[in-house]
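Let's take a walk through a protein together, one stop at a time.

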Amino acid sequence: MKNHEPNPGANKSILAVTYVLAGIFVCLLGYFGYFLQVKSETVINNSYNARLDSFSDRILRGKILSSDGRVLAETVVGEDGTETRSYPYGALFAHVVGYSDHGKTGIESLANFYLLSSHVNLVERTVNELSDVKNVGDNVVTTLDPDLQQAASDALGDRKGAVVVMEPDTGKILAMVSRPGYDPNHLGEEWESLISGDNTQAQLLNRATQGVYPPGSTFKIVTALEYMRENPDTWREFSFDCDGSYEYGDYTISCYHGSAHGHQNLEQAFANSCNGAFASLGLKLDLKGMRDMTGRLLFNRELPLALAYSKSSYAMGEGASDWERLQTAIGQGNTQITPMHSAMITSAIANGGILMRPYVIDRVENAAGEETKKFLPSSSGELLSPAEAETMAGMMRQVVTEGTASALRTDAYAAAGKTGSAEFETGKESHAWFTGFAPAEDPKLVVTVLVEEAGSGGREAAPIARTLFDLYFSKQ
């Protein structure tokens, strides 16, 4: 008769398997908790989740409100019980608030889950359900300021373009305008013409987040940052003599309207937006370093933005031709950027290098005005160092005090910024850009303006920004 002695090796194997299974179980529990707390609302609110729309069978869609409580969107119930989504401001908030018919866009899509959730008190909910009456959905309070939105729209007028206004230290989006627009109250009757292939106006496109444009001289922010990074001890020694154009081999780069800027250091060249000086820099910069810099500034990357957007693109790589280097350094070539992305880079500069995640929903309230959810500012990381941000902010201040953004000179506040005039098609006027912030010493507001085919950024875009800065600081 054989004795069956314990097998130490087998026991260890069983114990190891037990630990592994226990570890997997703990991980599953952890992920389940994480999903419920963090990811569940995102999944539920996904536009592909058809089940969410079924909530409307028992919930009356909530209101979308401005930061001061004005109604931007609400559901009106007719005497026959017909529900109609109403937008009291018409086209003014069309792109950022969006629509909920023919699919959903803007905040109507972003906040769909909250608008179709109801936190009315238990007694009222029970009575409504027993009476086959819909419960009232929660209201979404946005960060949007109607006065700034109206001022931005009025200043842009009938011209095509976009305006973004945000707080650099919180990420709150205070205004977002895109032109041309549409009236969401008449979307159904105008839908076919809006999506027609013969329509070249692209009214449904939110130019602020989805329109991509050559950045023009606003890209000199990037070029200057890379040059300073590559030459930390000597960049202040840079000098360039501008006679209105820069010739290199068979190539010629002209300054705007052939302006001769004379002897320029880097700050002066930046303030005067000297194309010749920056084209010469383009030939000196390390191509890999430039690509790394643009990547750090979120070109060719996902943006920390919940609204629908287009990626900005930077195409220049190793082996680029001299012409491509000359063009790219001054914001031409194949580089493309959205006004929202430009505002985010500017916001990071204004905020000491840290980009605060842009957001447009401040809180959710039930029908009685009681808060059910609060959205707080959050950092999206460091786009540039504090020292780089401080230096660039100083250079942007000089653009106003000595350079192309003279429209923003005022004793009321100290503004900083960068203008741009971006060529995009032979025979057409350039796009006008301005992006900047104020007060320069303690930034509270970032404004980015893009006006299509308007010409000079200093002449056409900067005055729009001035209007918004004036309004904002007059209310402080």
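**A strand with two neighbours**

Strands β18 (residues 431-438) and β19 run antiparallel and are joined by seven bridges. Strands here are DSSP runs of E with at least two residues, helices are runs of H or I with at least four residues, and both are numbered from the N terminus. Two strands count as paired if DSSP finds at least two bridges between them. Before going on, please note that this is a predicted model, in which local features need pLDDT of at least 70 and side-chain atom pairs count only at pLDDT 80 or more, while totals for chains, interfaces and linings use all residues. Residues are numbered from 1 along each chain as its sequence is written, and side-chain values use heavy atoms, with hydrogens and water left out.

Back to our strands: a hairpin of six residues connects β18 to β19, and Ala438 stands opposite Leu445 in β19. Strand β7 (residues 161-166) also runs antiparallel to β19, joined to it by six bridges. Here Met166 has Val446 of β19 as its bridge partner.

Is β19 enclosed or open? Seven of the seven residues of β19 (residues 445-451) are buried, so the strand is largely enclosed by the rest of the structure. Buried means under 20% relative accessible area, exposed means over 50%, and partly exposed lies in between (1.4 Å probe, protein chains only). On one side you will find Leu445, Val447, Val449 and Val451, and on the other Val446, Thr448 and Leu450, all of them buried.

Next, look for Thr218, in the loop between α7 (187-194) and α8 (220-230). Thr218 is buried, at 7% relative accessible area. Leaving out residues up to four places away in sequence, Thr218 touches Lys418, Thr419, Gly420, Trp433 and Thr435, where a contact means heavy atoms within 4.5 Å. Its side chain also reaches the backbone oxygen of Pro215 at 2.7 Å. Helix α8 is mostly covered, with nine of its 11 residues buried.

Now for some charged partners. Side chains of opposite charge can pair when their charged atoms come close. How many salt bridges does a search of the whole structure find? The search finds 21, a salt bridge being a side-chain nitrogen of Lys or Arg within 4 Å of a carboxyl oxygen of Asp or Glu.

One of them joins Glu388 and Arg229, whose closest N and O atoms are 2.7 Å apart. This pair links distant parts of the chain, with Glu388 in helix α14 (residues 386-401) and Arg229 in helix α8, 159 residues apart. Glu388 is buried at 14% relative accessible area, whereas Arg229 is partly exposed at 33%.

Another salt bridge brings together the side chains of Lys475 and Asp145 (3.1 Å, N to O). Lys475 lies in the segment after α15 (457-474) and Asp145 in the loop between β6 (139-142) and α6 (146-156), so the pair ties together parts 330 residues apart in sequence. Lys475 is partly exposed, at 39% relative accessibility, while Asp145 is buried, at 14%. Both belong to a network of salt bridges that links Asp68, Arg70, Asp145, Asp147 and Lys475.

Our last stop is helix α1 (residues 8-44), where you will find Leu28. At 54% relative accessibility, Leu28 counts as exposed.

Definitions and conventions:
A polar contact is a pair of N or O atoms within 3.5 Å; within protein, one must be able to donate a hydrogen and the other to accept it, and residues adjacent in sequence count only if both atoms are side-chain atoms.
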